[in-house]
Amino acid sequence: KMRKDLVLEFWDRSQYLNINNKSYQNYINKTLNEKLKFDVSYGDVTTNSLINKNKNINAIIIAKQDGIIAGIDEISLALKNKKIKINKNKKDGDKIKKGSIILEIYGNARKILAYERTLLNIIQRMSGIATLTYNTKKLIKNKCFISATRKTMFSLIDKKAVSAGGGLTHRLNLNDSILIKDNHLKLLNGNIERALKLANKNKKAKYVEIEIKNEKEALEAVRAIKKIKSKKLFAIMFDNMEAQLIKATIKKINNAFNKNINNEKFKNKRIILFEASGNINEKNILEYSKTGVDAVSLGFLTHSARAFDMSLDIKA
């Protein structure tokens, strides 16, 4: 396999985040219906006072900025059994211009007005994340992959939005792959080799990643991984390390491994993937993308994305 394919295998689960997948469908229905119900549980006192209960309307959702759209599939699914018709003018992942009509909606006025805020919240959040991901990716001109973290408000919804913007999802849940973090290592008295050996014993997990914070730990991890007999795929995450130090460490790893290729202990030519994480933002991501890492994971994609500007307008 090409290195790029291994990176996608290791850090991308976007194939599960489509509304034809039963478990994703259930997640969307549960999450969105809960929000829709909360808003209308006691009725919409304003609309019910002013608008005839039999009135039908046409409405549109319109973009008020340029960007990448996401969340159309999700809100379409949420409205599926609500007797509201939807025409999709765009699809998730589309580049759109300010003024574009994203969706046309037809149905009962009271229902549409009651659902308006929830529908907009979802599509604005998802499109905001997708747009930020797309713009961040453009900054590094495909020098490496960018990926989400688990710093999310709406776990799978946020991950799907990153994917629509061209980013990788990373783990969808804690069962996805083994990620040995600093707190795990603390509980094993910092013993990197032991942690990796224990991880390797897990029959189900195909992917093992270990978080390290300096060059010494990185080299220790590489040595341990090279000794392990395993069919698993391994990765090293450089956590909160300066870009220059990551670059120097990767160089050292490559040199050390190449020199040791004839040594009995290091006979397996296993590929180790590299990830950078921690305090990486739009200002320094270009520097990190040039260090030799395969992926950079970014918390800000999901915890600091601004809502995409759009509105629901009733056609007179």
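D66 is partly exposed, with a relative accessible area of 41% (buried means under 20%, exposed over 50% and partly exposed in between, with a 1.4 Å probe and protein chains only). Its side chain meets that of K97 in a salt bridge, 3.8 Å from N to O (a side-chain nitrogen of Lys or Arg within 4 Å of a carboxyl oxygen of Asp or Glu). K97 lies in the loop between β4 (95-96) and β5 and D66 in the loop between β1 and β2 (67-68), so the pair ties together parts that are 31 residues apart in sequence.

This is a predicted model, in which local features need pLDDT of at least 70 and side-chain atom pairs count only at pLDDT 80 or more, while totals for chains, interfaces and linings use all residues. Residues are numbered from 1 along each chain as its sequence is written, and side-chain values use heavy atoms, with hydrogens and water left out.

**Overall layout**

- The protein has 12 helices and 12 strands (DSSP runs numbered from the N terminus: H or I with at least four residues for helices, E with at least two for strands).
- Its C-alpha trace spans about 80 × 35 × 30 Å along the principal axes.
- Of the 316 residues, 50% count as buried.

**Salt bridges**

- The count comes to 15 salt bridges.
- K97, the partner of D66, counts as exposed at 58% relative accessibility.
- K88 and D73 form another side-chain salt bridge, at 3.6 Å from N to O. K88 lies in strand β3 and D73 in helix α4 (residues 72-78), so this pair ties together parts that are 15 residues apart in sequence.
- K315 forms a salt bridge with E104, and their closest N and O atoms are 3.7 Å apart. This pair links distant parts of the chain, with K315 in the segment after β12 (310-314) and E104 in strand β5, 211 residues apart.
- K315 is partly exposed at 43% relative accessible area, and E104 counts as partly exposed at 27%.
- E74, D92 and K160 are linked in a network of salt bridges.

**Strands around β5**

- Strand β1 (residues 56-63) runs antiparallel to strand β5 (residues 101-108), and seven bridges join them (two strands pair if DSSP finds at least two bridges between them).
- Within this pairing, I61 stands opposite L103 in β5.
- Strand β3 (residues 85-88) is also antiparallel to β5, with four bridges between the two.
- N87 has E104 as its bridge partner in β5; E104 is also the residue in the salt bridge with K315.

**Strands around β10**

- Strand β10 (residues 272-277) is mostly covered, as six of its six residues are buried.
- In a regular strand the side chains alternate between the two faces of the sheet.
- Here I272, F274 and A276 point one way from β10, while L273, E275 and S277 point the other way, and all are buried.
- Strand β9 (residues 233-239) runs parallel to β10 and is joined to it by six bridges.
- On the other pairing, three bridges join β10 to strand β11 (residues 295-297), and these two run parallel.
- A276 takes part in both pairings: F238 stands opposite A276 in β10, and in β11 the bridge partner of A276 is V296.

**Positive phi in two asparagines**

- Most residues other than glycine have a negative phi, and most peptide bonds are trans.
- N189 has a phi near 55°, a positive value in a residue other than glycine. N189 is found in the loop between α7 (182-187) and α8 (192-201) and is exposed, with a relative accessible area of 74%.
- N279 likewise has a positive phi, near 55°. N279 has its place in the loop between β10 and α11 (285-289) and is exposed at 65% relative accessible area.

**A charged surface patch**

- K141, K143, K247, K251 and K290 form a positive surface patch (made of residues with over 30% relative accessible area and no salt bridge, with like charges joined within 9 Å and nonpolar side chains, namely Val, Leu, Ile, Met, Phe, Trp and Tyr, within 5 Å).
- For the charges, Lys and Arg count as positive and Asp and Glu as negative, while His and the chain ends are not counted.

Note on methods
Areas by Shrake-Rupley, 256 points an atom, 1.4 Å probe, with all protein chains shown as cover. Charge placed at Lys NZ, Arg CZ, Asp CG, Glu CD.
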